[in-house]
Amino acid sequence: MQFSQILGKSEVKRQLIQQVQKDRIPHAQLFLAREGYGGLALALAFATYLMCEQKTETDSCGQCGQCLKTNKFIHPDIHFSFPVVKQGEKKREITTSDDYLPEWREILSQNPFMGLNEWMQQMDSDSQPNINVKECNDIIHKLNMMSYESDYKVLIMWLPEYLDKEGNRLLKLIEEPTDNTFIILVAENQNLVLKTILSRCQLIKVPKFENKEVSQYIIEKLELPISKAEQIANLADGNINLAMSIATDEAPDFSDLLISWLRIAYKSDPLEINKWISTVDGMTKNDQKNFLEYGLHFFNQFVFWMYTKSEEVNLTDKEKEIAGNMTKIINVTKAEAISAILDEAIVNLHRNANLKILLFADTLTIGDIVRGK
Ligand SMILES: [Zn+2]
């Protein structure tokens, strides 16, 4: 991956290139980028640039021996760590990222802007993924060894949100890494990263893609007409991965489920609530998360629209109609309160809260908010 393959983001790229040129690379950095904003792609481009033997002022060369290996994700001094699940007959506690490297390389070559959903499909699993103790121990071992081909060693860890307490094993490494060893964590949600790790990393905030960059990307990838691409880019709100899903029609429509939730919350009949919850309970864990994220997106856009009445709002025509009807009972204050609940629900679901209990309580709270109590 080269910087030139990632559209825009000139400020972050400049910052990363400066680090290498001035030989002032922080030992541990956390790239914070929501899904589809290109955090992982930037980490890959940065590692490539660092390793490249003929780098220019603005990018890696793409042709030297180091670049050829980094671009195939097979450079022996670039180590990867990411959430995985049990593999075949192998026990979960001894399964690590290394076991999934073929799948990892394949998906990176196809979609370096992927989200967890695409990665779970690639692993063909719906179990809860994580980064386990053995993985942490392996990382310590790998980074303590000599480098093979380059002067540097790099660890790219994607989604450190999936490190549980065992992540504390990595603290010493993050604080006092061996010489010329650089750790890059790529996270989507800093609230879910262990505080002990977060406080030891230099934070690089990766902005979303601009709409024109998203449309340019999907036009190049999918050869869509410009008007269609612009419409999709508007909905995707800076998330290239989401834009690709919408364009290839793989993004489920959660709007009806959201409306039925609000209706049921308003009535707060326990039997109806339980029936609705059983529908959500039957969905995959990823879709449950995506549904809550969808609800959060909807209400954030709703609030934006109520404040500005702007046509720039990232809602489909169907959603605009829903939002229009909703203004009769939900004002800005109520919508912001619902957003806050959804935001917290996403965190709790990630922490493996019991879905049924979580949704039951949240439904009652949302009912109270909507009825204005
Ligand atoms: Zn090169």
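**Pockets, cavities and a covered strand**

User: What classes do the residues lining the second largest pocket divide into?
Analyst: The lining splits into 6 nonpolar, 5 polar and 5 charged residues. Keep in mind that this is a predicted model.

User: Which residues lie nearest the centre of that second largest pocket?
Analyst: Glu-161, Leu-163, Asp-164, His-350 and Arg-351 do. They belong to a lining of 16 residues.

User: And what is the volume of the second largest pocket?
Analyst: About 330 Å³.

User: Where does the second largest pocket lie, and why there?
Analyst: Between domain 1 (3-205) and domain 3 (255-371), because both give residues to its lining.

User: Now the cavities. How many of 30 Å³ or more does a search of the whole structure find?
Analyst: The search finds 6.

User: How much space lies in the largest cavity?
Analyst: About 130 Å³.

User: Which residues line the largest cavity?
Analyst: Among them are Leu-116, Asp-126, Ser-127, Gln-128, Pro-129 and Tyr-162. Lys-285, Asn-286, Lys-289, Ile-346, Leu-349 and His-350 line the largest cavity too. His-350 also turned up in the second largest pocket, among the residues nearest the centre.

User: Which helices supply at least two residues of the lining of the largest cavity?
Analyst: α14 (285-308) and α16 (332-350) each do.

User: Which domains does the lining of the largest cavity draw on?
Analyst: Domain 1 (3-205) and domain 3 (255-371), with at least three residues from each. By class, the lining of the largest cavity holds 5 nonpolar, 4 polar and 3 charged residues.

User: What about the second largest cavity, what volume does it have?
Analyst: The second largest cavity has a volume of about 90 Å³. Its lining is made of 16 residues. Nearest its centre lie Gly-36, Gly-39, Leu-40, Met-114 and Trp-158.

User: Which elements give two or more residues to the lining of the second largest cavity?
Analyst: α2 (39-51) and β4 do. The largest share, 3 residues, comes from α2.

User: And how do the lining residues of the second largest cavity divide by class?
Analyst: Into 10 nonpolar, 3 polar and 3 charged.

User: Let's turn to β4. How many of its residues are buried?
Analyst: 7 of its 7 residues are buried. The strand covers residues 181-187.

User: Which way do the β4 residues point?
Analyst: Thr-181, Ile-183, Leu-185 and Ala-187 point one way. Phe-182, Ile-184 and Val-186 point the other way. The residues in both groups are buried.

User: In what sense do β1 and β4 pair, parallel or antiparallel?
Analyst: Strand β1 (residues 28-32) pairs with β4 in the parallel sense, over 5 bridges. Strand β3 (residues 153-158) also runs parallel to β4, joined to it by 6 bridges.

User: Which β4 residue is the bridge partner of Ala-28?
Analyst: Ile-183. Ile-183 is the bridge partner of Leu-155 as well.

User: New topic, cysteines. How many disulfides does the count come to?
Analyst: The count comes to 0 disulfides.

User: Is Cys-136 buried or exposed?
Analyst: Cys-136 counts as buried, because its relative accessibility is 0%.

User: And Cys-67, buried or exposed?
Analyst: Cys-67 counts as buried, at 0% relative accessibility.

Notes:
Residues are numbered from 1 along each chain as its sequence is written. This is a predicted model: local features need pLDDT of at least 70, side-chain atom pairs count only at pLDDT 80 or more; totals for chains, interfaces and linings use all residues. Side-chain values use heavy atoms; hydrogens and water are left out. Buried means under 20% relative accessible area, exposed over 50%, partly exposed in between (1.4 Å probe, protein chains only). Helices (H or I, at least four residues) and strands (E, at least two) are DSSP runs, numbered from the N terminus. Two strands pair if DSSP finds at least two bridges between them. On a 1 Å grid over the protein atoms alone, a cavity is a set of points where a 1.4 Å probe fits but cannot get out, and a pocket is an open set with protein on both sides within 12 Å along at least five of seven lines; lining residues have an atom within 4 Å of a point. Grid points are joined across faces, edges and corners, and a volume is the space filled by probe spheres set on the points. Ala, Val, Leu, Ile, Met, Phe, Trp, Tyr, Cys and Pro count as nonpolar, Asp, Glu, Lys and Arg as charged, and the others, Gly among them, as polar. Domain bounds come from an automatic or database domain assignment. A disulfide is a pair of cysteine sulfur atoms within 2.5 Å.
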